[in-house]
Amino acid sequence: MSIIHAGKTGLLLLFLMLASDITEGRTFNVTNSPGRSGVQKNRQWNDDSEEPDNAADESHPVPGSPKWRPDTIDTTRGADYMTRTERDVVIEINMMRTDPARYAQKYLVPLRTYYHGHLLQYPGKTAIATNEGVRALDECIRELERAKPLSSLSPRKGLTLAARDHAQDQGQTGAIGHTGSDGSTMVMRMNRYGRWESSAGENISYGYNEARKIIVALLIDDGVPSRGHRKNLLSSSFNLVGVDIGPHRVYKDMCVMDFAGGYTSR
């Protein structure tokens, strides 16, 4: 877990916090192993129309990947228990997994221009104080450029409900981390609605409510020596995911992602 603290710059700085079960040693592996309605509109995932903060792409255009076809990356069809933005998070993960190198070139490389020392400032947005500055971004780019493509993740309702339980709990209490106010762990929450199989993990971000910014922040994993969030997103052990985005009493927004190698619903 890492906390990005405000520096003594005189600027209003956004606090962004990330938590990962790999970071805290709570990713599990074994050798054997109420919904929300909404209509998913057709979207073109090879362009940047859904994101307002990609100005750097205009001067350094990188084409989208031929692997980013709707039938490949949009595994959320029929998942009416997820909101539009939660579905977008799943699709964003799948874009990154199916073509890590292209994702890095198109969406991470342009971010270099937004770093000013240890400050990261998107155009027209509040500055974010980072721990490592551009070094963590460059390391992430290099890793994604070397990474092998992975299969897309598919959503599961039980995992989403488990993520929602935690988001609603912490949203009200203002707490952070992976333990619920009732003492529940990630695995306990998953097992409320089914049974995880093979492997399980959890990522949590605080401070963002836009799909791309959530995923990019978790990939960069600033201030987390183990890069646990990045490892979860790039893990070949996971096939399924549940996502919930909700308000947070302290950090305004939070996003919980629960991953599993397999999952049997009750």
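**Salt bridges and a helix crossing**

Modeller: Glu132 is buried, and so is Arg227. This is a predicted model.

Biologist: What makes Glu132 and Arg227 a salt bridge?

Modeller: Their closest N and O atoms are 2.8 Å apart. The cut-off is within 4 Å. Glu132 and Arg227 therefore count as a salt bridge.

Biologist: Which parts does the pair of Glu132 and Arg227 tie together?

Modeller: Glu132 lies in the loop between strand 6 (128-129) and helix 5. Arg227 lies in the loop between helix 8 (211-220) and helix 9 (228-233). The pair therefore ties together parts that are 95 residues apart in sequence.

Biologist: Why is Asp138 called buried?

Modeller: Asp138 has 19% relative accessibility. Buried means under 20%, so Asp138 counts as buried.

Biologist: And why is Arg112 called partly exposed?

Modeller: Arg112 has 39% relative accessibility.

Biologist: What makes Arg230 and Glu143 a salt bridge?

Modeller: The distance is 2.7 Å, N to O. With a cut-off of within 4 Å, the pair qualifies. Arg230 lies in helix 9 and Glu143 in helix 5, so the pair ties together parts that are 87 residues apart in sequence.

Biologist: Are Arg230 and Glu143 buried or partly exposed?

Modeller: Arg230, at 1% relative accessibility, counts as buried. Glu143, at 27%, counts as partly exposed.

Biologist: Which residues are linked in a network of salt bridges?

Modeller: Glu132, Arg135, Glu139, Glu143, Arg227 and Arg230.

Biologist: Why is helix 4 called roughly perpendicular to helix 8?

Modeller: Their axes come within 12 Å and cross at roughly 110°. Roughly perpendicular covers 65 to 115 degrees, so helix 4 is roughly perpendicular to helix 8. The crossing is left-handed.

Biologist: Which residues meet where helix 4 contacts helix 8?

Modeller: Tyr103, Tyr107 and Leu108 in helix 4 meet Arg212, Ile215, Val216 and Leu219 in helix 8. These divide into six nonpolar, no polar and one charged.

Methods. Residues numbered from 1 in each chain as written. Predicted model: local features only at pLDDT ≥ 70, side-chain atom pairs only at ≥ 80, totals over all residues. Heavy atoms only, no water. Buried < 20%, exposed > 50% of the residue type's maximum accessible area, 1.4 Å probe, protein only. Salt bridge = Lys/Arg side-chain N within 4 Å of Asp/Glu carboxyl O. Helix = DSSP H or I, 4+ residues; strand = E, 2+ residues; numbered from the N terminus. Axes fitted to C-alpha atoms, helices over the stretch in contact; angles between N-to-C directions. Parallel < 35°, antiparallel > 145°, perpendicular 65-115°, else oblique. Left-handed = near helix turned anticlockwise from the far one by under 90°. Contact = heavy atoms within 4.5 Å. Nonpolar A, V, L, I, M, F, W, Y, C, P; charged D, E, K, R; others polar.
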